[in-house]
Amino acid sequence: MSRPHSEARLWPTYAGPDDLADIETIPLQQRGLPDSTYALLRRAATMWPDRTALQVLSTADRWQDPVTATFAELITDVHQTANLLRHLGVVRHSPVALIAPNCAELVTATLAAQLAGVAVPINGALSIEHISELLRRSGARVLIAASRELDPASWETAQHLAEAGIVDTVLLLAPTGGTVATPDPLGIDGLTVGLLGELAADFDGGSFTAEPPAAADIAALFHTGGTTGTPKLAAHTHANEVADAWMIAANTTLNEDSVIFAALPLFHVNALVVTLLAPLFHGQTVVWAGPLGYRDPALYGNFWKIVERYRISAMSAVPTVYSVLAECPVDADVSSLRVPMVGASALPRSVRSKFTAHTGLQLLEGYGLTEATCASVRSFTDHQREGAVGQRLPYQRVKAVHVDDDGSWHDLPPGAVGHLVISGPCVFPGYVVGRDGEGFVLDGRGALNDGWLDTGDLAKVDSQGFVHLAGRAKDLIIRGGHNIDPATIEDALRTHPAVTGAAAVGRPDVHAGEVPVAYVTLTSPDAVSAEDLRAWATSRVPERAAAPRLVTIVADLPLTAVGKPYKLPLRADAARLAARDALAGLSGIVEVTAEADGGAPVVTVTVEPSADHESTAAALDQFTTTWRIAQHHE
């Protein structure tokens, strides 16, 4: 049976890099995309009302007993929750904060917050100071948070925010398939505390009783690691999110029968766009892991059985997850799994090769950032291109530019390394810098230039739009896909009376991609030990992930010719030390050095003629750092 014309127009052939030009012969505006994430959900509920939309696991150990909802049931729950929020005073530009691990009610609450107002998902592992500032900046007075039974830490955060007067309404989420005790009213004047599911049940589930959002309306504010201070709040419009979700869904490899596995936290754009919104386009079932997601050790013991039980077709994870899975015995039929997607941080060659050797599956690599909604580049499992993270997605433009000292940009030819910049329908409208009578005040804060977004990454782009990353121009440290602002580590170290200067950088790491390390200068060489400084910083950084793995005391920190901090030599030194430690057990290693080449560290290992080149290469392949082996000559 042929598809209706509108559906045929929606779905081009998109199986390989040569399809890109044909796809773009039809303008995106003529593809017939839904106007909003709510319109996308309503389309799925209309086309496939009785199909299973969600199967949510309560824990990784109870993987055979999910909580299930059809698309008709999902939209009913979203209507009820959105109408509750409306009753509580949430209108089109009202922010609704969400702090909770994944659960069935969080999926509903996220979609409902985007329908009634603006969703503001927040990582509960951030410091309470950062969370408080993000809520103040967003203006959120309504908080949807985990109950004590779901996550005690999130509940304590909600209590603190309420007691500080930052929020005046707290709606609590129940564990998936579980019950919740009546919440403590907290005894705060003017504060509303209640169970979201219980309160929403009293509202109409047949429709949303107010005007639905338009394409240009703000759908969500996602915090992203900045280069200084508190994480920034990046605004996404409904059009941003729908367009990016469509670009991911327009994948000929997957169809309506494909089942998607989701285990990244919903405060991460990948979880929202790749595993919640994109599957709505095809009416695909999504299996959501328990509240700990990929951080649950029990998940890995059951993972392949979960793939077989639910016939998982696609999944999305960070490189560290695939590194662990490459060590887990395949004890089930995993023939259904065709598209294991990887992103958020650089993919080491060894992780790719080990996962493929272990499972027979090729990883589909991607690249993106919060300011471009989520994904901007994707690879193809059947069309691998050595050294590239993938080709630009349809209707997105990518190029490399040289940035002058005065901030002006100059386009570079294909193959030249420069700042990677992106334009198109997924580029965000700006960061939240305030509010006025019309809603949020947004500003690009230097990231936007005439519609182009400076990603802060260095790359070269070839004539077919394939992107080859070459390091970062900005200072962010990416640990297991999580952005860490080095300024938070540096600020913590500078509070020590003996520290006169501090610089934090990412050190290559086999498991996390990068871990933070720091270099410091002191009032005197013996004023304090490096280990004492590491402990000092660990107790003062705003999140556990930012605790430095190592602190190195140096005589001076490198500066540019005009006296500005220059971290590239420190990144190179961190890469050298990581390579040195990885090679420690091998014989024939003469010297390990590193230097900056085109903005990225390059490690050189000098070896004796008798050295085992294969073992040396295997040790270095665990990292994403560029390396080379040189022969030692007397």
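**Group meeting: a walk through some helices, strands and loops**

Okay, let's begin with helix α7, residues 152-163: its 12 residues reach 16 Å from first C-alpha to last, close to the 16 Å expected at 1.5 Å a residue. That expected span is 1.5 Å times one less than the number of residues. This is a predicted model, where local features need pLDDT of at least 70 and side-chain atom pairs count only at pLDDT 80 or more, while totals for chains, interfaces and linings use all residues. Residues are numbered from 1 along each chain as its sequence is written, and side-chain values use heavy atoms, leaving out hydrogens and water. Helices (H or I, at least four residues) and strands (E, at least two) are DSSP runs, numbered from the N terminus.

Back to α7. Its buried residues are Ser154, Trp155, Thr157, Ala158, Gln159, Leu161 and Ala162. By buried I mean under 20% relative accessible area, exposed is over 50%, and partly exposed is in between, with a 1.4 Å probe and protein chains only. And what do those buried residues pack against? They pack against β3 (95-99), α6 (128-138), β5 (142-146) and β6 (169-173), where a contact means heavy atoms within 4.5 Å. Just after α7 comes Gly165, with a positive phi of about 75°.

Next, strand β10, residues 259-262. Val259 and Phe261 point one way, Ile260 and Ala262 point the other way, and all are buried. β10 pairs in the parallel sense with β11 (residues 285-288) over four bridges; two strands pair if DSSP finds at least two bridges between them. Phe261 has Val287 as its bridge partner in β11.

Now for another sheet. Three strands make an open sheet in the order β27-β28-β29, with mixed pairing. Which strands are at the edges? They are β27 (499-509) and β29 (550-553), each pairing on one side only. Neighbouring strands are turned by 25° against each other on average, direction ignored. β28 (residues 513-522) runs parallel to β29, joined by four bridges, and Tyr519 stands opposite Thr552 in β29. Helix α14 (residues 486-494) packs on this sheet, touching β27 and β28, and its direction makes about 140° with that of β27. For these angles, axes are lines fitted to C-alpha atoms, for helices over the stretch in contact, and the angles run from 0 to 180 degrees between N-to-C directions. Helix α15 (residues 530-538) packs on the sheet too, touching β27, β28 and β29, at about 130° to the direction of β29.

Last stop: two loop residues. Thr373 sits in the loop between β14 (364-367) and β15 (377-378), and its phi is near 75°, positive in a residue other than glycine. Asp450, in the loop between β22 (448-449) and β23 (452-461), isn't a glycine either, and has a positive phi of about 55°. So are they buried or exposed? Thr373 is buried, with a relative accessible area of 0%, whereas Asp450 is exposed, at 74%.
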